[in-house]
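Please have the sequence and the structure in view as we go.

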Amino acid sequence: MSSIRDDYERAIKLYNAGDLDGLANEYAEDAVLMTPDGTAKGRAAIRAQWAREKAGCPDRTVTPDLVFEQGDMIVTEFTWAATLTGPWVLPDGTELPATGKRMELRGMDLTQLRDGKVAVHRMYWDNMDAARQAGLLP
């Protein structure tokens, strides 16, 4: 039987490898993902959100810097890095253009697992900093 930390680390590896189907399978069917870009409910919607992100930043990676676990929860401070080589799709469907700029952001997430699957995933980062680094702000 795997530990909650093993389950979390497996999801990170799938994310970094760009394996959207594998990553989506790490979420429960009724999972909820809440980010500054919006809320996705259900495995299919979560996969679609990750696909939009990957389309804009196919080289994106996340590196957990600090990880705390308690019970069925994991809290992580992370570094996310990517190059905006495709469109950045906003929650309202607006597409911002690719700029070729590299971004590196710090963020945090709170992940609750249930039966080895992500049930609730809350992510926090500064979208204005991301837009500035991507060259989308003056």
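This is a predicted model: local features need pLDDT of at least 70, side-chain atom pairs count only at pLDDT 80 or more; totals for chains, interfaces and linings use all residues.

What you see here is an open sheet of 6 strands with mixed pairing, in the order β2-β1-β8-β7-β4-β3, where strands are DSSP runs of E with at least two residues and helices are runs of H or I with at least four, numbered from the N terminus, and where two strands pair if DSSP finds at least two bridges between them. Because β2 and β3 (61-70) stand at the edges with a single partner strand each, one side of each is left without a neighbour in the sheet. Residues are numbered from 1 along each chain as its sequence is written, and side-chain values use heavy atoms, with hydrogens and water left out.

Let me take the pairings in turn. β1 and β2 (residues 38-41) pair in the antiparallel sense over 4 bridges, a hairpin joins them through 2 residues, and Leu 33 stands opposite Ala 40 in β2. β7 and β8 are likewise antiparallel, over 8 bridges, and there Gly 107 stands opposite Trp 125 in β8.

Finally, which residues does Leu 33 touch, counting contact as heavy atoms within 4.5 Å? Leaving aside residues up to four places away in sequence, its contacts include Tyr 27, Ala 40, Ile 46, Trp 50 and Met 123.

How values were computed. Contact means heavy atoms within 4.5 Å.
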